[in-house]
There are 2 protein chains.
Amino acid sequence: MKKQEDWKSIVLEGDKHYLPHISIDCVVLGFHDNQLRVLLLKPKQKEEWALPGGFVKREETVEEAGYRTLFERTGLKDTFLEQFHTFSDPYRTRHNLTRAEFKNIGIDMPEDNWVTQRFLTVGLYALVEFSKVVPKPNQLSDYCEWWDIHNVGKLILDHNHILDKALQSIRLQLKYKPIGYNLLPQKFTLSDLQKLYETILDKKLDRANFNRKMLSSKFLTYQEEKKTGVPHKAPFLYSFDVEKYNQALRDGLSGEI
Amino acid sequence: MKKQEDWKSIVLEGDKHYLPHISIDCVVLGFHDNQLRVLLLKPKQKEEWALPGGFVKREETVEEAGYRTLFERTGLKDTFLEQFHTFSDPYRTRHNLTRAEFKNIGIDMPEDNWVTQRFLTVGLYALVEFSKVVPKPNQLSDYCEWWDIHNVGKLILDHNHILDKALQSIRLQLKYKPIGYNLLPQKFTLSDLQKLYETILDKKLDRANFNRKMLSSKFLTYQEEKKTGVPHKAPFLYSFDVEKYNQALRDGLSGEI
């Protein structure tokens, strides 16, 4: 796999290798300092930031295109990644990639090139462990950085809408799937988990209720060791038990967790 | 709007009007005789039945393509329709529309025509009032009929998978959105509603619990009249209050209904 897309060949003969009219956009979320953060790119010559995205190869699923893009931007493999919505407004990409932008990186783009046509985009969200990500811009962008989801400002095209829809979807999912653990280190305290839920759901939760609900879910495994390096009482550490969760899914998991 | 697709022009010059590589498939569900039923087409020259589907026009969203298809197959407008997943296996359409099928309806299809290429499909589900539907086959199919979801047998391509995924999605949605009312007549009894929920969720529900939950949801409006023509005690009729539900959504609906 090429580590970096070669835009010249993408523009000039990319539609041999990629499907026209279909792209992906990734909402990559991490959790740090009790903030939910989203990974954004700063395209060259543009004021606004953008979600990392890409095209779909002719022999790829949209999820495979998502994993490939995620690897290129973060260095991560085997992350939690799921599609949540397909955005198909016919005018959503009207002001997308322009000839001027490509001129700037030395590519003389023919008029009505396939990359300037209408694109539907499949939105995928990835939940990643913040500390493991090494953000990396692509050839068309200057920076790749984490932003607090509350401070992203105006993004390019319909990317604010895509981000909002991803957050809505995650909030609903969190009610019946323990997806949050993907955002935490392998071992975490119940208090870490509660802060994460509070941040995603954007509201305070009752501690006793939360702990009871989580512990009764049976998907948390108690770890022998306690958290070290903290003052006062050392809290217990837990990890998420994928095997027990998958078993419960096979047995017909019902209700909220 | 044309009432019936003209397949000859679709095949020969359809890619001027439709996007290549992108289709939609509709899981149209109705509720009748305490069965959840799905609307299927029987393609000419094929053993297996198929979900109604179609292409996406160059100036259409996938949802608009869905409403158009739904209208052509059912005669219904303004139905509940929502996308639930995009299916993108590169080999999913390998055995799709063949030259023989088109030959059969008098169309001589050029080799490697756009309709025989790879298609991603956006799955949409529609919940409709059974009695209002007038099923109508298209030019490539002999029949358009309702099937009990438990008896559909082997469908073409990945349509069984698409149907399963739609049902999974509806079961989850039912927990937090009162989508079920779309499947009932405007006025219904709590017992009708319970049977519907039991059918979709494929399990028995406790009557007292169910009634309490539904009535406390505040989205049901009590109707003065009672159901007539039934023996014994006449049960009360309710209708779904869209306005109250929309208000609750604006106020930040939380938790299960």
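Let's settle one term before clicking: buried means under 20% relative accessible area, exposed means over 50%, and partly exposed is in between, with a 1.4 Å probe and protein chains only. This is a predicted model, where local features need pLDDT of at least 70, side-chain atom pairs count only at pLDDT 80 or more, and totals for chains, interfaces and linings use all residues. Residues are numbered from 1 along each chain as its sequence is written, chains are lettered from A and ligands numbered from 1 in the order in which they are written, and side-chain values use heavy atoms, with hydrogens and water left out.

**Stop 1: a histidine in chain B**

Select B:His159. Is it buried or exposed? B:His159 counts as buried, because its relative accessibility is 3%. You'll find B:His159 in helix α4 of chain B, residues 159-176. Helices (H or I, at least four residues) and strands (E, at least two) are DSSP runs, numbered from the N terminus. Now show what surrounds the side chain, taking contact to be heavy atoms within 4.5 Å. Setting aside neighbours within four places in sequence, B:His159 touches B:Asp25, B:Ala50 and B:Leu51.

**Stop 2: all of chain A**

Zoom out and select chain A. It holds seven helices and eight strands, and its C-alpha trace spans about 65 × 40 × 30 Å along the principal axes. Of the 257 residues in chain A, 52% are buried. Count the contacts in chain A between residues at least 6 apart in sequence, and 74% of them join residues at least 24 apart.

**Stop 3: helix pairs in chain A**

Two packed helices are described by the angle between their axes and the distance between the axes. Here the axes are lines fitted to C-alpha atoms, for helices over the stretch in contact, and angles run from 0 to 180 degrees between N-to-C directions.

Select residues 159-176 and 190-201 of chain A, which are helices α4 and α5. They pack at about 140° with axes 9 Å apart. That makes α4(A) oblique to α5(A): angles under 35 degrees count as roughly parallel, over 145 as roughly antiparallel, 65 to 115 as roughly perpendicular and the rest as oblique. Show side chains for A:Ile170, A:Arg171 and A:Leu174 on α4(A), which meet A:Tyr197, A:Ile200 and A:Leu201 on α5(A). By class, that contact has five nonpolar residues, no polar ones and one charged. The sorting takes Ala, Val, Leu, Ile, Met, Phe, Trp, Tyr, Cys and Pro as nonpolar, Asp, Glu, Lys and Arg as charged, and the others, Gly among them, as polar.

From α5(A), A:Leu190, A:Leu193, A:Gln194 and A:Tyr197 meet A:Arg207, A:Phe210, A:Asn211, A:Met214 and A:Leu215 of α6(A). The contact residues divide into six nonpolar, two polar and one charged.

**Stop 4: rings**

A pair of aromatic rings is described by the distance of the centres and the angle of the planes. Rings of Phe, Tyr and Trp (its six-membered ring) pair if their centres lie within 6.5 Å; planes under 30 degrees apart count as stacked, over 60 as edge-to-face and the rest as tilted. Over all chains, the whole structure has 36 aromatic pairs. For one of them, select B:Phe84 and B:Phe87: an edge-to-face pair, 6.1 Å centre to centre with 70° between the planes. B:Phe84 is buried at 14% relative accessible area, and B:Phe87 is buried at 4%.

Next, select A:Tyr18, A:Phe55, A:Trp114 and A:Phe119, a cluster linked by ring pairs. Then pick A:Lys77, whose charged end sits over the ring of A:Phe71, 5.0 Å from its centre. (A charge sits over a ring if NZ of Lys or CZ of Arg is within 6 Å of the ring centre and within 35 degrees of the ring normal.)

**Stop 5: positive phi**

Most residues other than glycine have a negative phi. Select B:His21, not a glycine, with a positive phi of about 70°. B:His21 lies in strand β1 of chain B, residues 18-32, and is buried at 4% relative accessible area. Finish on B:Asp202, where phi is positive too, near 60°. B:Asp202 lies in the loop between α5 and α6 of chain B and counts as exposed at 54% relative accessibility.
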